Amino acid sequence: MTRKPSVTDQKPKSVAVVTGAAGDIGIAIARHLAPTHHVAAVDIDAGALEAVAAELKADGFEATALTCDLTAPIEISRMATEAKTLGPVKLLVNNAGAAATLTLHGMTPDSLAKDLALNLEAALNTFKALEAPLTASGDGCLINIASVNGLETFGHPAYSAAKAGLIHATRAIAVEYGKYGLRANAVAPGTVKTRAWKDRAAANPGVFDEALGWYPLKQLPEPHDIAATVAFLAGPAARCITGICLPVDSGLTAGSTALPRTFTQSPDFDG
Ligand SMILES: NC(=O)c1ccc[n+]([C@@H]2O[C@H](COP(=O)([O-])OP(=O)(O)OC[C@H]3O[C@@H](n4cnc5c(N)ncnc54)[C@H](O)[C@@H]3O)[C@@H](O)[C@H]2O)c1
């Protein structure tokens, strides 16, 4: 006679560590991954993070809030130890990030250090802290949230240099760790209306409308567009995809119509 599986027979869900999970893109990523993972939500903002975890749990998902300043390696190490107690960590989404330096002329040693610490070093240190479980499972997955700023020049130079470094590191990890079945990919969002834009939108209320002119699709990506791409890259449909940087940018990095219009004088490039 076959016995019904009991709760104790069930394997623990694999754990997805999502950093910056209290931010707008991070929340969307956590929501997309929650049906298939225990989400270890990581952020420096303890109050907002608890609210995200509570909301996921209220919806019947498994979620744990792990407060951590990702610019402090000792805190990353503590966070990773806690994450590993939740189950097998098979997915890491390095999403925490922010831009400090506006221009190279205005850059200071402090603003440079801040941009590099959060946008590059934190991601690499978090990967290293979770390297053992990510390589142990044979199907581990790393997704780094980069930016179109890591691919082209749109201001915020130190943040952009860090994101370019993150894209390179993604390829390096894909190459060195492929033998463990670990896939490493980056996602490069274009302009996404999130709280990260609060100051810039206050300084220039037309910032999103003006930006739209540069986007071939005439629409800006939203947090769920980034999250859906992360879910795709983390899933079995992407099993042969590693080492790439996938822009989710409504065509921004494909180019703009301004120069073709100048060269050809054709109205086909208008509008
Ligand atoms: N919004 C955009 O236009 C855009 C475009 C390209 C790339 N990105 C990238 O997407 C990611 C998410 O950005 P967002 O727009 O959702 O920003 P957000 O400000 O809404 O979220 C960022 C989160 O990171 C957390 N964080 C900041 N410093 C931290 C630290 N030291 N330790 C732990 N957590 C910390 C913040 O508390 C916040 O919850 C970032 O990596 C960003 O660079 C955003």
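Predicted model: local features only at pLDDT ≥ 70, side-chain atom pairs only at ≥ 80, totals over all residues.

Before I look at the core, a reminder to myself: a nonpolar core here is a set of buried Ala, Val, Leu, Ile, Met, Phe, Trp, Tyr and Cys residues joined through side-chain atoms within 4.5 Å.

**Entry 1: the core**

I looked up the largest nonpolar core and got 32 residues. Which of them touch the most other members? My list reads Ile29, Leu33, Val39, Val93, Ile143, Ile145 and Val187. Next I checked which elements give two or more residues to this core: the strands are β1 (15-19), β2 (38-43), β3 (63-67), β4 (89-94) and β5 (141-145), and the helices are α1 (24-33), α2 (46-58) and α9 (223-234). α1 gives the most, with six residues. Apart from this core I found another, of 23 residues, including Ala40, Ile76, Leu130 and Ile173. A general point I keep in mind is that nonpolar side chains tend to be buried together in soluble globular proteins.

**Entry 2: around Val187**

I then picked Val187 and asked what it touches, leaving out residues up to four places away in sequence.

**Entry 3: the whole chain**

Stepping back, I count ten helices and seven strands in the protein chain. The C-alpha atoms fill a box of roughly 80 × 45 × 40 Å along the principal axes. I get 43% of the 271 residues as buried. Taking contacts between residues at least 6 apart in sequence, 68% join residues at least 24 apart.

The chain exposes about 13800 Å², and carbon and sulfur atoms supply 59% of that. For charges, I have 22 positive and 26 negative, with mean positions 8 Å apart.

His156 has phi near 50 degrees, and it sits in the loop between β5 and α6 (157-177). Is His156 buried or exposed? With buried meaning under 20% relative accessible area, His156 counts as buried because its value is 14%.

Ser250 also has a positive phi, about 50 degrees. I find Ser250 in the loop between β7 (245-248) and α10 (258-264). At 11% relative accessible area, Ser250 is buried.

Notes. Residues numbered from 1 in each chain as written. Heavy atoms only, no water. Helix = DSSP H or I, 4+ residues; strand = E, 2+ residues; numbered from the N terminus. Buried < 20%, exposed > 50% of the residue type's maximum accessible area, 1.4 Å probe, protein only. Contact = heavy atoms within 4.5 Å. Areas by Shrake-Rupley, 256 points an atom, 1.4 Å probe, with all protein chains shown as cover. Lys, Arg positive; Asp, Glu negative; His and termini not counted. Charge placed at Lys NZ, Arg CZ, Asp CG, Glu CD.
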